[in-house]
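The sequence and structure come first, and the description follows.

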Amino acid sequence: MHKDTQAIHAAMEIASDAADIVPPVHRSTVYEIDKEGRSKGDWHYTRLENPNRVQWEHVLKVLEEGEAAAAFSSGVAAASAVLQALSPGDHIIIPRDVYAGNRRLVNELMKPWGLQADFIDMTDLENISGHMNEKTRLIWVETPSNPMMNIMDIEAISTLAHDREAIVCVDNTWPTPVNQLPLNLGADLVVHSTTKYFGGHSDILGGAVVAGEKGPLFDKIRLIQQIGGAVPSPDDCWLLARSTRTLPYRMRGHNENAETLARFLEDHSRVSNVFYPGLASHGGHKIAGKQMSGYGGMISFLIDGGRDQAIDIVGRARLISRATSLGGVESTWEHRRSSEGTGSETPENLIRISVGLEHPEDLLEDLEYALG
């Protein structure tokens, strides 16, 4: 089935025995044990398993075309589970231009735990190869990257990693499975902040890990999920599955609006550079065209000026909200360096915009006013 159909019907494939078109919310935290005692596979305690979480994980697995999925309470919790599935002393390679929350996760939590990490330019395959060593167990890919929109060749990186007995985890939050399917390009794991496009309305927190195949690695991630306890509530799982039913249609709108705004910004006198993989001028456009079916709703651009000018532009908008997150139906933007804090390498004159689903002419008018 096409993604449009899968998004609507996947949760109902394993719904309750009742004839519900919309699955109910199961809020109970405990389940009655049979008088003969608890058996393996029985419902027991909601931290370990919940009907809504099982349904939501099925939706994720189907859309990403994987074999197993584990839902978490946030995107960072999902990323943490992947890293915790490694061992102290293991080495990972991660993009220099990576989501700031994951940079802090690695530097402030995982390195003291014993993980070794190199933050490097991952648009160069030879550079990745040169940083691998006998302890390299994981290559973390984020494409397009946040916020510089760098494009990494998932298929080539996966081939390199597997030749050296390492695994590949792709953060697919920005593209979503509507625009990019990393598991079909050779990646072993996909992570999401489902807070973003899956939720789509800026009102649900969540994360997920999807595995290309079941095995010891995913078993460890599942153990971390259940024992660590960073799981989403039944209501959040229900809401995420509900929101995902419109994901393919929403992503088409995000893609179209972002391309319109990117072309406008590319021609604007106050903008010195636009980072959007759908533009032919983007350095990664060719690779993006090979591995993406749509270019997403995120744009970064440099203004002709410095920090103060960038902050002034963001503050002048009347329609586009000043906010740090992304993926909602409403457009938001920010002076990204201010949000990232210590360790950020983002240029001071960079603005990142999450293009929403407002009418493009209204967004263009607001951009023109703010830049004017």
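Thr-176 is found in helix 7, which spans residues 176-179. The model is predicted. In it, phi of Thr-176 is near 65°, a positive value in a residue other than glycine. Thr-176 is buried because its relative accessible area is 1%, and the cut-off for buried is under 20%.

Ser-202 is another residue to look at for its backbone. Its phi is near 60°, which is again positive in a residue other than glycine. Ser-202 is found in the loop between strand 6 (189-192) and strand 7 (207-211).

## Cis peptide bonds

The loop between strand 4 (136-142) and helix 6 (154-163) holds Pro-144. The peptide bond that joins Thr-143 and Pro-144 is cis, with omega about -5°.

Pro-147 also has its place in the loop between strand 4 and helix 6. The bond from Asn-146 to Pro-147 is cis, and omega is near 15°.

## Arg-53

Is Arg-53 buried or exposed? Arg-53, found in helix 2 (residues 51-64), has a relative accessible area of 3% and is therefore buried.

The side chain of Arg-53 reaches the backbone oxygen of Arg-47 at 2.9 Å. Leaving aside residues up to four places away in sequence, Arg-53 touches Thr-46, Arg-47, Leu-48, Ala-71, Gln-225, Val-231, Pro-232 and Cys-237.

## Helix 3 and helix 4

Two packed helices are described by the angle between their axes and the distance between the axes. For helix 3 (residues 75-84) and helix 4 (residues 100-113), the angle is about 35° and the axes are 11 Å apart. The crossing of helix 3 and helix 4 is right-handed.

Which residues make the contact? Helix 3 contributes Val-76, Ala-79, Ser-80, Leu-83 and Gln-84, while helix 4 contributes Asn-102, Leu-105, Val-106, Met-110 and Trp-113. Seven of the contact residues are nonpolar, three are polar and none is charged.

Five strands form an open sheet in the order 8-9-12-11-10, and their pairing is mixed. Strand 8 (271-275) and strand 10 (321-322) are the edge strands, each pairing on one side only.

Val-271 stands opposite Ile-303 of strand 9. Helix 10 (residues 247-266) packs on the sheet and touches strand 8, strand 9 and strand 12 (350-354). The direction of helix 10 makes about 10° with that of strand 9.

## Strand 11 and its neighbours

Ser-321 has Thr-332 as its bridge partner in strand 11. Strand 11 also pairs with strand 12, in the antiparallel sense and over four bridges. There, the bridge partner of His-335 is Ile-351 in strand 12.

In a regular strand the side chains alternate between the two faces of the sheet. Which residues of strand 11 lie on each side? Thr-332 and Glu-334 are on one side, and Trp-333 and His-335 are on the other. All four are buried, and both faces of strand 11 (residues 332-335) are covered.

How values were computed. Residues numbered from 1 in each chain as written. Predicted model: local features only at pLDDT ≥ 70, side-chain atom pairs only at ≥ 80, totals over all residues. Heavy atoms only, no water. Pairing = 2+ DSSP bridges. Helix = DSSP H or I, 4+ residues; strand = E, 2+ residues; numbered from the N terminus. Contact = heavy atoms within 4.5 Å. Axes fitted to C-alpha atoms, helices over the stretch in contact; angles between N-to-C directions. Left-handed = near helix turned anticlockwise from the far one by under 90°. Nonpolar A, V, L, I, M, F, W, Y, C, P; charged D, E, K, R; others polar. Buried < 20%, exposed > 50% of the residue type's maximum accessible area, 1.4 Å probe, protein only. Polar contact = N/O pair within 3.5 Å; in protein donor to acceptor, adjacent residues only side chain to side chain.
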